[in-house]
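Here is a short briefing on one protein model.

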Amino acid sequence: MSPSPAGPSVPEGRGSVSRAPHLPDDFTRTFTSRYVDTGDVRLHAVTGGEGPALLLLAGWPQTWYAWRLVMPGLARHFRVVAMDSRGMGLSDKPLEGYDTGTLAGDAVALMAELGHERFSVAGHDVGMWVGYALAVDHPDRVDRLAVAEAAIPGLSPSTPLLGTAEANEKLWHFAFNRLPELNEQLVRGREHLYFGGQFASKAAKPLPDHAVRHYVDTLAEDPAALRSSFAFYRALDVTIPQNERRRTRRLDLPVLAIGGGENLGERVGATMRLAADDVQSLVIPGCGHYPAEETPDEMLTALMAFLTRSP
(Lines give C-alpha, C1' and ligand atoms only; values in the text may rest on other atoms or scores of the structure.)
Protein backbone atom coordinates (compact mmCIF):
# COMPACT_ATOMS: atom_id res chain seq x y z
CA MET A 1 0.00 0.00 0.00
CA SER A 2 1.21 3.47 -0.84
CA PRO A 3 0.63 5.77 2.13
CA SER A 4 -1.56 8.78 1.53
CA PRO A 5 0.18 12.12 1.82
CA ALA A 6 -0.28 14.03 5.02
CA GLY A 7 -2.79 16.80 4.64
CA PRO A 8 -6.37 17.88 5.23
CA SER A 9 -9.21 15.36 5.10
CA VAL A 10 -11.26 17.78 2.98
CA PRO A 11 -9.80 18.20 -0.53
CA GLU A 12 -8.18 21.54 -1.13
CA GLY A 13 -5.85 22.96 -3.72
CA ARG A 14 -6.05 23.39 -7.46
CA GLY A 15 -7.85 20.14 -8.18
CA SER A 16 -10.76 20.59 -5.77
CA VAL A 17 -14.23 21.88 -6.57
CA SER A 18 -13.57 24.93 -4.39
CA ARG A 19 -10.53 25.93 -6.46
CA ALA A 20 -11.51 24.85 -9.97
CA PRO A 21 -11.84 27.79 -12.40
CA HIS A 22 -14.88 28.83 -14.44
CA LEU A 23 -17.29 26.15 -13.29
CA PRO A 24 -20.88 26.24 -14.58
CA ASP A 25 -23.35 28.33 -12.57
CA ASP A 26 -24.44 26.73 -9.29
CA PHE A 27 -21.94 23.87 -9.75
CA THR A 28 -20.81 24.09 -6.14
CA ARG A 29 -24.41 23.83 -4.91
CA THR A 30 -24.62 20.34 -6.39
CA PHE A 31 -21.08 18.99 -6.32
CA THR A 32 -18.48 18.60 -3.61
CA SER A 33 -14.97 17.17 -3.45
CA ARG A 34 -14.17 14.29 -1.16
CA TYR A 35 -11.40 11.82 -0.49
CA VAL A 36 -12.12 8.09 -0.56
CA ASP A 37 -9.63 5.69 1.04
CA THR A 38 -9.87 2.34 -0.71
CA GLY A 39 -7.38 0.64 1.57
CA ASP A 40 -4.72 0.83 -1.13
CA VAL A 41 -4.83 4.44 -2.31
CA ARG A 42 -6.62 7.62 -1.36
CA LEU A 43 -8.64 8.84 -4.32
CA HIS A 44 -10.29 12.17 -5.00
CA ALA A 45 -13.86 12.20 -6.30
CA VAL A 46 -16.37 14.92 -7.08
CA THR A 47 -19.90 13.78 -6.28
CA GLY A 48 -23.40 15.17 -6.62
CA GLY A 49 -26.91 14.55 -7.89
CA GLU A 50 -29.57 11.95 -7.20
CA GLY A 51 -30.49 8.72 -8.95
CA PRO A 52 -28.66 5.65 -10.23
CA ALA A 53 -24.89 5.85 -9.88
CA LEU A 54 -22.78 7.03 -12.82
CA LEU A 55 -18.98 6.93 -12.75
CA LEU A 56 -17.08 9.38 -14.97
CA LEU A 57 -13.48 8.58 -15.93
CA ALA A 58 -11.30 11.31 -17.44
CA GLY A 59 -8.51 10.91 -19.95
CA TRP A 60 -4.88 11.93 -20.28
CA PRO A 61 -3.63 14.44 -19.23
CA GLN A 62 -6.80 15.61 -17.53
CA THR A 63 -8.79 15.24 -14.30
CA TRP A 64 -12.44 15.12 -13.24
CA TYR A 65 -12.62 18.74 -14.45
CA ALA A 66 -12.91 17.48 -18.04
CA TRP A 67 -16.54 16.50 -17.30
CA ARG A 68 -17.55 19.78 -15.64
CA LEU A 69 -19.79 21.04 -18.47
CA VAL A 70 -21.96 17.91 -18.63
CA MET A 71 -22.03 17.07 -14.92
CA PRO A 72 -24.90 19.43 -13.93
CA GLY A 73 -27.20 17.97 -16.59
CA LEU A 74 -26.28 14.41 -15.65
CA ALA A 75 -26.82 15.15 -11.96
CA ARG A 76 -30.50 15.83 -12.57
CA HIS A 77 -30.93 12.12 -13.24
CA PHE A 78 -27.92 10.36 -11.72
CA ARG A 79 -25.71 10.26 -8.68
CA VAL A 80 -22.59 11.44 -10.46
CA VAL A 81 -19.12 10.37 -9.32
CA ALA A 82 -16.29 12.00 -11.30
CA MET A 83 -13.07 10.49 -9.99
CA ASP A 84 -9.41 11.31 -10.32
CA SER A 85 -7.77 7.95 -10.98
CA ARG A 86 -4.56 7.23 -9.12
CA GLY A 87 -1.92 9.56 -10.47
CA MET A 88 -4.42 12.23 -11.46
CA GLY A 89 -5.40 15.49 -9.78
CA LEU A 90 -5.66 15.22 -6.00
CA SER A 91 -5.54 11.42 -5.87
CA ASP A 92 -2.51 9.55 -4.56
CA LYS A 93 0.39 9.12 -6.96
CA PRO A 94 2.11 5.85 -6.09
CA LEU A 95 4.98 4.50 -8.16
CA GLU A 96 3.02 1.49 -9.41
CA GLY A 97 -0.47 0.32 -10.30
CA TYR A 98 -1.17 2.13 -13.59
CA ASP A 99 -2.22 -0.91 -15.61
CA THR A 100 -5.92 -0.91 -16.38
CA GLY A 101 -6.63 -3.96 -14.25
CA THR A 102 -5.42 -2.14 -11.15
CA LEU A 103 -7.11 1.11 -12.17
CA ALA A 104 -10.41 -0.73 -12.68
CA GLY A 105 -10.01 -2.30 -9.25
CA ASP A 106 -9.47 1.15 -7.76
CA ALA A 107 -12.71 2.37 -9.34
CA VAL A 108 -14.72 -0.59 -8.04
CA ALA A 109 -13.31 -0.07 -4.55
CA LEU A 110 -14.09 3.66 -4.65
CA MET A 111 -17.67 3.06 -5.75
CA ALA A 112 -18.15 0.40 -3.06
CA GLU A 113 -16.91 2.82 -0.40
CA LEU A 114 -19.49 5.31 -1.66
CA GLY A 115 -22.22 2.68 -1.41
CA HIS A 116 -22.62 1.90 -5.12
CA GLU A 117 -22.51 -1.80 -5.89
CA ARG A 118 -23.77 -1.33 -9.45
CA PHE A 119 -23.26 1.67 -11.67
CA SER A 120 -22.90 2.86 -15.25
CA VAL A 121 -19.58 4.13 -16.58
CA ALA A 122 -18.56 6.85 -19.03
CA GLY A 123 -14.87 7.01 -19.92
CA HIS A 124 -12.87 9.23 -22.27
CA ASP A 125 -9.39 8.54 -23.67
CA VAL A 126 -7.45 6.62 -20.97
CA GLY A 127 -10.77 6.59 -19.11
CA MET A 128 -12.07 4.52 -22.04
CA TRP A 129 -9.24 2.03 -21.44
CA VAL A 130 -10.24 1.78 -17.78
CA GLY A 131 -13.96 1.62 -18.57
CA TYR A 132 -13.37 -1.35 -20.87
CA ALA A 133 -11.34 -3.13 -18.20
CA LEU A 134 -14.05 -2.39 -15.63
CA ALA A 135 -16.77 -3.88 -17.79
CA VAL A 136 -14.81 -7.05 -18.57
CA ASP A 137 -13.16 -7.63 -15.19
CA HIS A 138 -16.20 -6.69 -13.08
CA PRO A 139 -19.29 -7.54 -15.17
CA ASP A 140 -21.47 -7.81 -12.08
CA ARG A 141 -20.81 -4.16 -11.23
CA VAL A 142 -21.33 -2.29 -14.52
CA ASP A 143 -24.79 -1.69 -16.02
CA ARG A 144 -23.89 0.32 -19.13
CA LEU A 145 -20.68 1.56 -20.69
CA ALA A 146 -20.21 4.78 -22.67
CA VAL A 147 -16.77 5.43 -24.13
CA ALA A 148 -15.24 8.22 -26.19
CA GLU A 149 -12.24 8.99 -28.36
CA ALA A 150 -9.64 6.29 -27.89
CA ALA A 151 -8.19 3.14 -29.30
CA ILE A 152 -7.59 0.35 -26.80
CA PRO A 153 -4.07 -1.12 -26.87
CA GLY A 154 -4.27 -4.89 -27.07
CA LEU A 155 -7.77 -4.75 -28.52
CA SER A 156 -7.53 -2.26 -31.38
CA PRO A 157 -5.21 -3.00 -34.33
CA SER A 158 -1.82 -1.38 -33.78
CA THR A 159 -0.88 1.62 -35.90
CA PRO A 160 2.31 1.09 -38.00
CA LEU A 161 5.39 2.76 -36.61
CA LEU A 162 5.92 4.56 -39.93
CA GLY A 163 2.37 5.61 -40.67
CA THR A 164 1.05 8.79 -42.26
CA ALA A 165 2.17 12.22 -41.15
CA GLU A 166 -1.33 12.85 -39.82
CA ALA A 167 -1.26 9.67 -37.72
CA ASN A 168 2.20 10.54 -36.44
CA GLU A 169 1.03 13.99 -35.33
CA LYS A 170 -1.87 12.45 -33.38
CA LEU A 171 -0.06 9.43 -31.91
CA TRP A 172 3.66 10.21 -31.47
CA HIS A 173 3.10 10.81 -27.76
CA PHE A 174 2.41 7.10 -27.21
CA ALA A 175 6.05 6.15 -27.80
CA PHE A 176 7.38 9.29 -26.10
CA ASN A 177 5.27 8.79 -22.97
CA ARG A 178 6.54 5.21 -22.53
CA LEU A 179 10.17 6.29 -22.14
CA PRO A 180 11.52 5.51 -18.66
CA GLU A 181 13.10 8.88 -17.76
CA LEU A 182 14.05 11.05 -20.72
CA ASN A 183 10.49 12.28 -21.30
CA GLU A 184 10.27 13.73 -17.80
CA GLN A 185 13.65 15.41 -18.19
CA LEU A 186 12.61 16.97 -21.48
CA VAL A 187 9.14 18.09 -20.37
CA ARG A 188 9.92 19.37 -16.86
CA GLY A 189 9.89 23.15 -17.01
CA ARG A 190 8.30 22.99 -20.47
CA GLU A 191 4.96 21.51 -19.44
CA HIS A 192 2.99 24.27 -21.17
CA LEU A 193 4.85 23.59 -24.41
CA TYR A 194 4.34 19.82 -24.36
CA PHE A 195 0.86 19.44 -22.91
CA GLY A 196 -0.40 22.65 -24.47
CA GLY A 197 0.68 21.29 -27.83
CA GLN A 198 -1.23 18.07 -27.18
CA PHE A 199 -4.45 19.95 -26.49
CA ALA A 200 -3.99 22.25 -29.49
CA SER A 201 -3.31 19.45 -31.97
CA LYS A 202 -6.23 17.24 -30.92
CA ALA A 203 -9.08 19.71 -30.48
CA ALA A 204 -11.17 20.81 -33.45
CA LYS A 205 -12.63 23.55 -31.27
CA PRO A 206 -9.85 24.97 -29.07
CA LEU A 207 -10.33 24.43 -25.37
CA PRO A 208 -10.56 27.63 -23.30
CA ASP A 209 -7.21 29.00 -22.18
CA HIS A 210 -8.26 28.75 -18.53
CA ALA A 211 -8.98 25.03 -18.92
CA VAL A 212 -5.64 24.28 -20.60
CA ARG A 213 -3.82 26.29 -17.92
CA HIS A 214 -5.68 24.39 -15.22
CA TYR A 215 -4.62 21.01 -16.59
CA VAL A 216 -1.05 22.02 -17.31
CA ASP A 217 -0.47 23.86 -14.03
CA THR A 218 -1.77 20.81 -12.15
CA LEU A 219 0.93 18.73 -13.82
CA ALA A 220 3.66 21.34 -13.54
CA GLU A 221 3.34 22.06 -9.83
CA ASP A 222 4.06 18.49 -8.66
CA PRO A 223 6.87 16.26 -9.99
CA ALA A 224 4.86 13.21 -8.94
CA ALA A 225 1.98 14.38 -11.15
CA LEU A 226 4.27 14.61 -14.17
CA ARG A 227 5.70 11.15 -13.47
CA SER A 228 2.25 9.68 -13.01
CA SER A 229 0.99 11.20 -16.26
CA PHE A 230 3.52 9.05 -18.11
CA ALA A 231 2.90 6.00 -15.91
CA PHE A 232 -0.34 5.05 -17.70
CA TYR A 233 1.70 4.60 -20.89
CA ARG A 234 4.68 2.96 -19.20
CA ALA A 235 2.26 0.35 -17.86
CA LEU A 236 1.17 -0.67 -21.37
CA ASP A 237 3.51 -3.68 -21.20
CA VAL A 238 1.11 -4.97 -18.54
CA THR A 239 -2.14 -3.54 -19.93
CA ILE A 240 -1.73 -4.90 -23.47
CA PRO A 241 -1.51 -8.59 -22.41
CA GLN A 242 -4.46 -7.97 -20.08
CA ASN A 243 -6.52 -6.69 -23.02
CA GLU A 244 -5.45 -9.60 -25.22
CA ARG A 245 -6.97 -11.87 -22.58
CA ARG A 246 -10.01 -9.65 -22.12
CA ARG A 247 -10.91 -9.76 -25.79
CA THR A 248 -11.73 -13.46 -25.42
CA ARG A 249 -14.65 -12.46 -23.12
CA ARG A 250 -17.20 -10.49 -25.08
CA LEU A 251 -19.26 -7.86 -23.34
CA ASP A 252 -23.02 -8.37 -23.26
CA LEU A 253 -23.94 -5.00 -21.73
CA PRO A 254 -25.04 -1.98 -23.81
CA VAL A 255 -22.14 0.12 -25.11
CA LEU A 256 -22.17 3.64 -26.53
CA ALA A 257 -19.07 4.56 -28.58
CA ILE A 258 -18.58 8.27 -29.27
CA GLY A 259 -16.10 9.65 -31.77
CA GLY A 260 -15.28 13.19 -32.76
CA GLY A 261 -15.99 13.78 -36.43
CA GLU A 262 -12.67 15.61 -36.79
CA ASN A 263 -10.67 12.93 -34.97
CA LEU A 264 -11.43 9.21 -34.50
CA GLY A 265 -15.00 9.25 -35.79
CA GLU A 266 -16.38 5.76 -36.51
CA ARG A 267 -13.16 4.11 -35.35
CA VAL A 268 -14.35 4.24 -31.73
CA GLY A 269 -17.39 2.16 -32.64
CA ALA A 270 -15.23 -0.21 -34.69
CA THR A 271 -13.00 -0.72 -31.68
CA MET A 272 -15.87 -1.53 -29.35
CA ARG A 273 -17.43 -3.96 -31.84
CA LEU A 274 -14.29 -6.05 -31.38
CA ALA A 275 -15.33 -6.42 -27.73
CA ALA A 276 -19.12 -6.21 -27.52
CA ASP A 277 -22.29 -7.18 -29.37
CA ASP A 278 -24.65 -4.35 -28.36
CA VAL A 279 -22.75 -1.30 -29.61
CA GLN A 280 -24.29 2.03 -30.57
CA SER A 281 -21.87 4.27 -32.47
CA LEU A 282 -22.19 8.05 -32.56
CA VAL A 283 -19.99 10.54 -34.40
CA ILE A 284 -20.27 14.19 -33.34
CA PRO A 285 -19.68 16.49 -36.34
CA GLY A 286 -17.15 19.28 -35.93
CA CYS A 287 -15.71 17.76 -32.76
CA GLY A 288 -12.14 16.70 -32.11
CA HIS A 289 -10.76 14.63 -29.29
CA TYR A 290 -12.58 16.31 -26.37
CA PRO A 291 -16.37 15.93 -26.86
CA ALA A 292 -17.32 16.72 -23.25
CA GLU A 293 -15.59 20.11 -23.60
CA GLU A 294 -15.79 20.90 -27.33
CA THR A 295 -19.44 19.88 -27.79
CA PRO A 296 -20.91 19.48 -24.29
CA ASP A 297 -24.55 19.84 -25.37
CA GLU A 298 -24.24 17.06 -27.93
CA MET A 299 -22.28 14.92 -25.47
CA LEU A 300 -24.90 15.37 -22.74
CA THR A 301 -27.74 14.58 -25.13
CA ALA A 302 -25.99 11.41 -26.28
CA LEU A 303 -25.23 10.23 -22.77
CA MET A 304 -28.73 10.90 -21.50
CA ALA A 305 -30.40 9.10 -24.41
CA PHE A 306 -28.14 6.08 -23.92
CA LEU A 307 -28.16 5.88 -20.15
CA THR A 308 -31.93 6.30 -19.77
CA ARG A 309 -33.15 4.20 -22.69
CA SER A 310 -35.22 1.11 -21.88
CA PRO A 311 -33.30 -2.21 -21.96
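The points below are grouped by topic.

This is a predicted model: local features need pLDDT of at least 70, side-chain atom pairs count only at pLDDT 80 or more, and totals for chains, interfaces and linings use all residues. Residues are numbered from 1 along each chain as its sequence is written, and side-chain values use heavy atoms, with hydrogens and water left out.

**Nonpolar core**
- The largest nonpolar core has 101 residues. Such a core is a set of buried Ala, Val, Leu, Ile, Met, Phe, Trp, Tyr and Cys residues joined through side-chain atoms within 4.5 Å.
- Buried means under 20% relative accessible area, exposed over 50%, and partly exposed in between (1.4 Å probe, protein chains only).
- Residues with the most contacts inside this core include Trp64, Trp67, Leu134 and Met272.
- Helix α4 (residues 126–137) gives the most to this core, with 9 residues. Helices are DSSP runs (H or I, at least four residues), numbered from the N terminus.
- Leu134 has contacts (heavy atoms within 4.5 Å) beyond four places in sequence, among them Leu55, Phe119 and Val142.

**Helix α9**
- Helix α9 covers residues 223–234.
- Its 12 residues should span 16 Å at 1.5 Å a residue, and the end C-alpha atoms are 16 Å apart, which agrees. The expected span is 1.5 Å times one less than the number of residues.
- 9 of the 12 residues of α9 are buried, so this helix is largely enclosed by the rest of the structure.
- Among the buried residues of α9 are Arg227, Phe230 and Tyr233.
- Asp222 caps the N-terminal end of α9. A side-chain oxygen of Asp222 lies 2.9 Å from the backbone nitrogen of Ala224.

**Largest pocket**
- The volume of the largest pocket is about 1200 Å³. A pocket is an open set of points on a 1 Å grid over the protein atoms alone, where a 1.4 Å probe fits, with protein on both sides within 12 Å along at least five of seven lines.
- The lining counts 39 residues, each with an atom within 4 Å of a point.
- Ala151, Ser158, Thr159, Leu171 and Phe174 lie nearest the pocket centre.
- α5 gives the most to this lining, with 9 residues.

**Two single residues**
- Thr239 is in helix α10 (residues 236–246). Thr239 counts as buried, at 1% relative accessibility.
- Thr239 touches Tyr98, Asp99, Thr100 and Arg246, leaving out residues up to four places away in sequence.
- Leu182 is in helix α6 (residues 182–187). Leu182 is partly exposed, with a relative accessible area of 46%.

How values were computed: Helices (H or I, at least four residues) and strands (E, at least two) are DSSP runs, numbered from the N terminus. A polar contact is a pair of N or O atoms within 3.5 Å; within protein, one must be able to donate a hydrogen and the other to accept it, and residues adjacent in sequence count only if both atoms are side-chain atoms. Grid points are joined across faces, edges and corners, and a volume is the space filled by probe spheres set on the points.
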